[in-house]
Amino acid sequence: MLKPTGANAQFPNQQPEFLKVTDRVYCATGYALGNVIYILTDKSVVVVDTTETQSAARATLEEFRKVSQLPISYIIYTHHHGDHINGAKVFKDKTTKIIAQKRFVQELATYNQLRPYNRRLNIIQFGISLPPTERGVRVAVNPNRDGVTKQEESGFLPPDILFDEKYSFEEGGIPFELYHTMGETFDHLMVWMPQEQILLPGDLFYDSFPMLSSPMKPDRPVQEWAESLERMRQFQPSVLVPSHTKPIKGRAEIDLTLANYARAIRYVHDETVKGINAGLTLEQMRQQIRLPEELARLPYLKPAYGRVEWSVNGIYRKYTGWYDFNPTHLNPGSVSTFHQALLEASGGSANLVKRSQRALRDNQPQLALEITDVILDTEPNNREAQVVRVKALRKLAEISINTVEPNVYRSAAQKYEGVVQQ
Ligand SMILES: [Zn+2]
């Protein structure tokens, strides 16, 4: 089976759906990684988030134009990530104003400073070099007939209005309140529509355990994320329209969902802090910290996108130094020299290859992968080790219920394509 399912969670939506949420609110989901949310006022349209490409943004706008021809007065960026800002050009005309939180500028500058790195990590995280059928979580890219991805020019436009903690305005009889709510990023905002009792939480809620610490991205403010969810609960929204996955309706259900989401975040945070103070190693914490059963079984807390183990890594790193209390690692030597010594001591690569093959047979793909590190570091062209490595990577991708992991594993396996037949 190639498509990871995320075990009942809906992250990400794979099918384009243009949803009428209420008479005034429409949500275009599944056109891209990010949703576009349209809010119809009496005289104009307010757009919240714009997806990662202009073509996806345009496809959603074509649907919306069947509903209304009113001009777009405002675009709101919930935060600076590409899947929220890169479709903006499609919506902007001369009078449209773009709103973001004040830290947006600084956050985007930091992102741009690492642009080559971010481009590389996005190719891996979203499986952009993989055939579409092998991708887990994906961004809106247009593969041509060879399955080769065509990168689109960004339609990002800089914001016109920046605010600090709160920004209120009224448009076409509809009051809007924007609040600075950290979590996914430091520049994150939520949109509250008091008259309609509708809350747009941006990326602070979606249908998966949250990505509190992304494998290749900077740490996220975890405690603030939980606090932001509690602030949302105080409004008692009757409709929740997130920027990924589908809207939720019903005051009681939303309150319970936000409460459980916040509880899960705080649980992982607090258990990690306890572990650090108790002198546990990072490895021990990664193995021991699990959500309580009543939270773990909730569909929106399945590890379809974020994972508890990755969150433990991030929280540990946030609060401690890089030293892991193993003096070997204070000033480590060359890994290759160490691998070479291990290889010699095991009587050569043939023995290690055999051991890695046994690990594969015993259904231990992670161990098989680790052994091939030792062999291929010393003998990069060892064909048998390459075969084991590709099989281990494909197995890890296949058994994962997460949507980032298959992209990482299958992208790594591509290195040996041609050497190893499927
Ligand atoms: Zn996003």
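Author: Buried means under 20% relative accessible area, exposed means over 50%, and partly exposed is in between, using a 1.4 Å probe on the protein chains only. This is a predicted model, in which local features need pLDDT of at least 70 and side-chain atom pairs count only at pLDDT 80 or more, while totals for chains, interfaces and linings use all residues. Residues are numbered from 1 along each chain as its sequence is written, and side-chain values use heavy atoms, with hydrogens and water left out.

Reader: Thanks! So is Asp-207 buried or exposed?

Author: Asp-207 is buried, because its relative accessible area is 13%.

Reader: And where is Asp-207 found?

Author: In the loop between β13 (198-200) and α5 (222-235). Helices (H or I, at least four residues) and strands (E, at least two) are DSSP runs numbered from the N terminus.

Reader: New topic: which residues are the protein donors of the zinc ion?

Author: Asp-83 (OD), His-84 (NE2), Asp-203 (OD) and His-244 (NE2), at 2.1 to 2.3 Å from the zinc ion. Donors are N, O and S atoms within 2.8 Å of the metal (3.2 Å for Na, K and Ca); water is not among the atoms, so sites may look incomplete.

Reader: Why is the arrangement irregular?

Author: Because the four donor atoms subtend angles of 88 to 175° around the zinc ion. Four donors are tetrahedral if all angles lie between 85 and 135 degrees; four are square planar, and six octahedral, if opposite donors are over 155 degrees apart and all others between 65 and 115; anything else is irregular.

Reader: How are those donor residues spaced in sequence?

Author: As D-H-x118-D-x40-H. Asp-83 lies in helix α2 (residues 82-85) and His-244 in the loop between β14 (239-240) and β15 (248-249), so this pair ties together parts 161 residues apart in sequence. Both Asp-83 and His-244 are buried.

Reader: How many cavities of 30 Å³ or more are there?

Author: Two. On a 1 Å grid over the protein atoms alone, a cavity is a set of points where a 1.4 Å probe fits but cannot get out, and a pocket is an open set with protein on both sides within 12 Å along at least five of seven lines; lining residues have an atom within 4 Å of a point.

Reader: What lines the largest cavity?

Author: Its lining includes His-244, Thr-245, Phe-11 and Asn-13.

Reader: And which residues lie nearest the centre of the second largest pocket?

Author: Arg-307, Gln-366, Leu-396, Glu-405 and Tyr-409, out of 21 lining residues. Elements giving two or more residues to that lining include α9 (308-319) and α12 (365-378).

Methods:
Points joined across faces, edges and corners; volume = space filled by probe spheres on them.
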